[in-house]
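Reader: I would like to learn how to read the packing in a model of this kind, feature by feature. Could we take each idea in general terms and then turn to the case at hand?

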Amino acid sequence: MRTISAAQSAVLSAGVPAEHMRVQTKDSGGTWRDLTTYPQTNLVNSASWRESVDDPHATADIVLKREVEKLSLSPFVAASGLNRGFNPAASAVALLALGREIKIEVAIVPADKTPVDADFLVAWPGYIAPLDPAQGDTISVSCRDLGAKVIDAFIETERVYSYGAAGVAMRVWEPSTAYVLNEYVLPSEAKRNGKYYKCTTAGTSGSTEPVWPASSTVSDGGGSLVWTYESTTSTAGTDVEDVMQAILDANVTSPPTLSVPASPGWAITQYIQQRQGSLEALRTLAQQIGWDVRYKWSSGSSAFLLTLYEPDRDKAAADRTFSASDYDDFRRLSIDISGIRNAVRVVYSDAADLWPDGTPKRKVVEVTDSTSITAYGRRFMEIAEDSASQIDSSTEAALMANAALSDLKSPTAEAEVLMVQGFPWVELGDLYSFSSNGRHFDSTQTLA
C-alpha cells in the first residue's frame, strides 16, 4: 500500500474529508495543463482506473465535457483556444492527442480546505489511447499506463542473451545486413569461435562472413563496417534483471531503467530472445519464477517505475483494517472451487543431466498440499516447460511449482466493496481486513 502521510491519516481519522480529483495532460510543448482549471472551468466529468494481475498494465477511462460555449476540447476544432494555447496567431495543435501523457490526481483534505498542488497525489499516470469526441456532448478518453511504451516496443530482431558480459545483447552475424555503432555480434554457427565482437564503425555486412580474429579488428564486406574483438563468450549465466535491462536497452526508445527492490538471485543461461512485445518478453522471464514486472509506485523515487518484484504470497498482516462504518456495502462476495489446484507438476529439461547425444533429460517435480486435498479432493495441474526454457534445474522447477501451488491451493473469495470514502492509496497485492457488518459476514474478512 502506498504511504499515507500523517496529515492524510489525520483527515481520514476525523471522518469528514473532502475528496478532490483532477486530470492533467501535457500540451504539445510539454507543459502540464489541468483540465479542471486551465480552461477557467472544470471540463472533467469523471475518471476511473483499474488494474488486474491478469493484465500487464493498468488502464483508465476519463469522460470530459467537449465544450463550454466556443471553447472546445475536440481535437477536430482547430479554432478552439484550447487547441491554440489561447494564442489566436498560433498554429492549431490539439491539446488532446493520441500518445500524449495524461494523469489522474487525487487529494483528500479537511472539508473546509481548498487543496493546493502539494495535497494531490498521482493516482494513475499514462498515455491517451483511443479518444472519441462524439459521445453526446462529452469526449470519451481511454488511457493506458506507462507500460504502454514498453508493450508497443516490439522486438524486431532476435538476439542472443546471457552469453557474454552482463547487459550484452548479441545478434548472430548475417550477410548483407546493416549494423549500427556499438552493436554486438556473434559469429554464425559455422564460424563460432567462443568470442563476440562490437561494431566500432557502422555499415552493412558483406555477402561472405569475415574471418574473425582472436583479437583486434576486422573489416566486413570490403566496406566501412568494422568489428572489434570484445571478449570471450560465457556459459556462467547472467542475472535475470540484467538480461531484462538489456532487452529494454536494445528494443525500447528512451528505455526505462528497471527497478529491482530485491534481486531474485536467478542467473539465466544463453538463449535467443524471440520476436514479441518487449514487456511480454520481460514478463515471460519473470513468471517462470512466479515474479512479475509492471509499473509500480516507488516511495523512494516518488514516481511510478517499471519494477521487477516478487508478490508477497505470505503476507499475514493487513495493510489496513476498515471498520463496518468505512464501507457502504459488499456488491459481490463469491467463492468458487473451479480454480483450485493442489497438486502441481512441472516438467522440465535438466541441463545438468544429459543423454549421450548431449540433449538434457526430461524430468518432473511435483508438489502437493495435503490440507487442500483433504478439503477439496485432488485437483491436478501440469506445467510443461519447453527445452529452451530457463527452468532447467530441479531447484528452479520446484520454485515454479511451489509458487503456483501457493497461488491456487485455496479457494478465493471474489469481492467487490463500495467504500464510504475514497481510498486512492490502494495497490495491487495489498491485503485489507474488513470488520464484520453482521449482514454478509460476522467475523473479520481479509482479502488481497
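Predicted model: local features only at pLDDT ≥ 70, side-chain atom pairs only at ≥ 80, totals over all residues.

Reader: Is R332 buried, partly exposed or exposed?

Author: Buried residues fall under 20% relative accessible area and exposed ones over 50%; R332 has 36%, so it is partly exposed. As for its place in the fold, R332 and A413 are 81 residues apart in sequence, yet their C-alpha atoms are 9.2 Å apart in space.

Reader: How should I read a nonpolar core, and which residues have the most contacts inside the largest one?

Author: In soluble globular proteins, nonpolar side chains tend to be buried together. Here the largest nonpolar core has 44 residues, and M244, V293 and L306 have the most contacts inside it. Helix α3, residues 240–251, gives the most to this core, with six residues. Another core, of 21 residues, lies apart from it and includes V23, I62, I128 and I139.

Reader: What does L306 touch, beyond its neighbours within four places in sequence?

Author: Among the contacts of L306 are V150, L248, P256, L279, L282, V293 and Y295.

Reader: How is the packing of two helices described, and at what angle do α3 and α4 pack?

Author: Two packed helices are described by the angle between their axes and the distance between the axes. For α3 and α4 the angle is about 170 degrees and the axes are 10 Å apart, which means that α3 is roughly antiparallel to α4. The contact is formed by V240, V243, M244, I247, L248 and N251 from α3, together with S278, L282, L285 and A286 from α4.

Reader: Which residues of α6 are buried, and what do they pack against?

Author: An α-helix has 3.6 residues a turn, so residues three or four places apart point the same way. In α6 the buried residues are E396, A397, M400, A401, A403, A404 and L405, and the buried residues of this helix pack against β19, α4, β25, β26 and β27. The length of α6 can be checked as well: at 1.5 Å a residue, its 15 residues should span 21 Å, and its end C-alpha atoms are 21 Å apart, so the two agree.

Reader: Finally, in which sense does β11 pair with β10 and with β13?

Author: Strands β10 and β11 run antiparallel and are joined by two bridges, with Y161 opposite A169 in β11. With β13, strand β11 pairs in the parallel sense over three bridges, and R171 stands opposite V185 in β13.

Key:
Residues numbered from 1 in each chain as written. Heavy atoms only, no water. Core = buried A, V, L, I, M, F, W, Y, C linked by side-chain atoms within 4.5 Å. Buried < 20%, exposed > 50% of the residue type's maximum accessible area, 1.4 Å probe, protein only. Helix = DSSP H or I, 4+ residues; strand = E, 2+ residues; numbered from the N terminus. Contact = heavy atoms within 4.5 Å. Expected span 1.5 Å × (residues − 1). Pairing = 2+ DSSP bridges. Axes fitted to C-alpha atoms, helices over the stretch in contact; angles between N-to-C directions. Parallel < 35°, antiparallel > 145°, perpendicular 65-115°, else oblique.
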